[in-house]
Amino acid sequence: MDALTSERPGLLLLDFDNVAFSRGRSKLFSGLHFSVYAGQVVWLQGHNGHGKTSVLKLAMRLAQPDAGVIRWGTAFDHGGAPTYIGHLNGQSVDLKVQESLTYSARMHGAVASADAVASALKRTSLYALRNRLVHSLSQGERRRLALTRLLLNQSALWVLDEPLDALDTASTAMVLDLIEEQIQNGGAVLMSSHIPFHATDLQVLDLAALHTP
């Protein structure tokens, strides 16, 4: 926990200050304090039910804490927000791949020109499937399509819920390359994953110690 709260160089992008959160009548955690800085990956760990997805939703202001304060850094003062890719892919399954990506990106305020969409699909090896309907894709292909939006949003902070789920070895390597590029370019990532991985400046936050049975 100390590594996440100590002073570090770089731009502060997200700060949790003594946060508590409950689901229904069950308190998931309390006293949660950590920060995410530019150039850093924070990896949320903990068993199912310990609140990993809740932390990510709190970070995105999709839920409100019971106590404590959650702050976005100055990178978001003039519009924009962190980019969130949830555990569910959130795609329009009756659209073609390129149409679904374009629609999803624009709904989240990203620039989605035809050239940008084509370039992003090539990077995630989905360009050859651009005219396929989303519902015809495999689970791994749908997950890659959801993650392709990261290339269009260009946000300083990515908030990712199990981004490596349903991916094969090559696709996992591709996503980890994207994460490494994000932090090398001065961005940051807050993510959960049950699959071990490595990244430059990787900080681990285990929610088990804060979980309230």
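**View A. Lining of the second largest pocket in the predicted model.** The lining of the second largest pocket comprises 6 nonpolar, 7 polar and 2 charged residues. Here Ala, Val, Leu, Ile, Met, Phe, Trp, Tyr, Cys and Pro count as nonpolar, Asp, Glu, Lys and Arg as charged, and the others, Gly among them, as polar. The space in this pocket is about 240 Å³. Of its 15 lining residues, Leu150, Leu151, Trp158, Gln182 and Asn185 are the closest to the centre. At least two lining residues come from each of α4, α6 and α7 (169–184). A pocket is an open set of points on a 1 Å grid over the protein atoms alone, where a 1.4 Å probe fits, with protein on both sides within 12 Å along at least five of seven lines; lining residues have an atom within 4 Å of a point. Grid points are joined across faces, edges and corners, and a volume is the space filled by probe spheres set on the points. This is a predicted model, in which local features need pLDDT of at least 70 and side-chain atom pairs pLDDT 80 or more, while totals for chains, interfaces and linings use all residues. Residues are numbered from 1 along each chain as its sequence is written, and side-chain values use heavy atoms, without hydrogens and water.

**View B. The largest pocket.** About 450 Å³ of space lies in the largest pocket. It is lined by 28 residues, of which Thr83, Tyr84, His108, Arg149 and Asn153 are the closest to its centre. β5, α3 and α5 are the elements that give two or more residues to this lining. The lining divides into 13 nonpolar, 14 polar and 1 charged.

View C. An open sheet of 5 strands has the order β5-β6-β7-β3-β8, with parallel pairing. Its edge strands, β5 (83–85) and β8 (202–206), each pair on one side only. Strands pair if DSSP finds at least two bridges between them; helices (H or I, at least four residues) and strands (E, at least two) are DSSP runs, numbered from the N terminus. Strand β6 (residues 157–161) is joined to β7 (residues 188–192) by 5 bridges, and Trp158 stands opposite Val189 in β7. Helix α2 (residues 52–59) lies across β3 (41–45), β5, β6 and β7, at about 145° to β7. Axes are lines fitted to C-alpha atoms, for helices over the stretch in contact (heavy atoms within 4.5 Å), and angles run from 0 to 180 degrees between N-to-C directions.

**View D. The buried residues of helix α3.** In α3 (residues 97–107), Val97, Ser100, Leu101, Thr102, Ser104 and Ala105 are buried, that is, under 20% relative accessible area (1.4 Å probe, protein chains only). Their cover includes α4 (114–123), α5 (139–148) and α6 (150–153).

Terms used
Buried means under 20% relative accessible area, exposed over 50%, partly exposed in between (1.4 Å probe, protein chains only).
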